[in-house]
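Notebook open, structure loaded. I'm jotting down what I looked up, starting with the rings.

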Amino acid sequence: MKAAPESEPIWQADRPPVAWPALASGQCPVKSAQERTAAEALAVAKDIEARWEQSRKLQAPTKRVSSEEVKQARCALLAIDPADKEYPQAWAAFVRLWNIDRDLAG
């Protein structure tokens, strides 16, 4: 079962779906689909989240994350198998990154 992109507003970090949502084609370019372990993908997401929080608190433009960085981190998370024990954490990070990207878009 795949969640439709239209269901995005009801995504909840603490309620991972059975499978990753089906995103529009082109959302994850081949270039960003580098082979990463689940731990590496989660570490990248955590780093982006930390930098995002820091930039919001300190108003430090040098610490800001770009929408492209967020997109690449989300794509790395999408490569994690839903059967993996890290999937619930990956889903939560995916939702948080999705919200960061929405904030970046304004």
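I looked for aromatic groups and found that Trp11, Trp20, Tyr87, Trp91, Phe94 and Trp98 form one aromatic cluster. My pairing rule: rings of Phe, Tyr and Trp (its six-membered ring) pair if their centres lie within 6.5 Å, with planes under 30 degrees apart called stacked, over 60 edge-to-face and the rest tilted.

Before going on, a note on the source: this is a predicted model, where local features need pLDDT of at least 70 and side-chain atom pairs count only at pLDDT 80 or more, while totals for chains, interfaces and linings use all residues. Residues are numbered from 1 along each chain as its sequence is written, and side-chain values use heavy atoms, leaving out hydrogens and water.

**Aromatic pairs.** By the rule, I get eight aromatic pairs. Trp11 and Trp91 have ring centres 5.5 Å apart and planes at 70 degrees, so I log the pair as edge-to-face. This pair links distant parts of the chain, 80 residues apart: Trp11 sits in the segment before α1 and Trp91 in helix α3 (residues 87-105). Helices here are DSSP runs (H or I, at least four residues), numbered from the N terminus. Trp91 also pairs with Phe94: the centres are 5.6 Å apart and the planes at 25 degrees, so that one is stacked. Trp91 and Phe94 are three residues apart in helix α3, which means about one helical turn between them.

**Burial.** I use buried for under 20% relative accessible area, exposed for over 50% and partly exposed in between (1.4 Å probe, protein chains only). Trp91 is buried at 1%, and Phe94 is buried at 0%. Trp11 is buried as well.

**Glu49.** I found Glu49 in helix α1 (residues 38-58). Glu49 counts as buried because its relative accessibility is 17%. Contact here means heavy atoms within 4.5 Å. Skipping neighbours within four places in sequence, Glu49 is in contact with Ala93, Arg96, Leu97 and Ile100.

**Helix α2 and Glu69.** The buried residues of α2 are Val70, Ala73, Arg74, Cys75, Ala76 and Leu77, and what covers them includes α1 and α3. Glu69 is in helix α2 too, but at 28% relative accessibility it counts as partly exposed. With neighbours within four places in sequence left aside, Glu69 is in contact with Ile48, Arg51 and Arg64. I also noted the backbone nitrogen of Ser66, 2.9 Å from a polar atom of the Glu69 side chain.

Definitions and conventions
Helices (H or I, at least four residues) and strands (E, at least two) are DSSP runs, numbered from the N terminus. A polar contact is a pair of N or O atoms within 3.5 Å; within protein, one must be able to donate a hydrogen and the other to accept it, and residues adjacent in sequence count only if both atoms are side-chain atoms.
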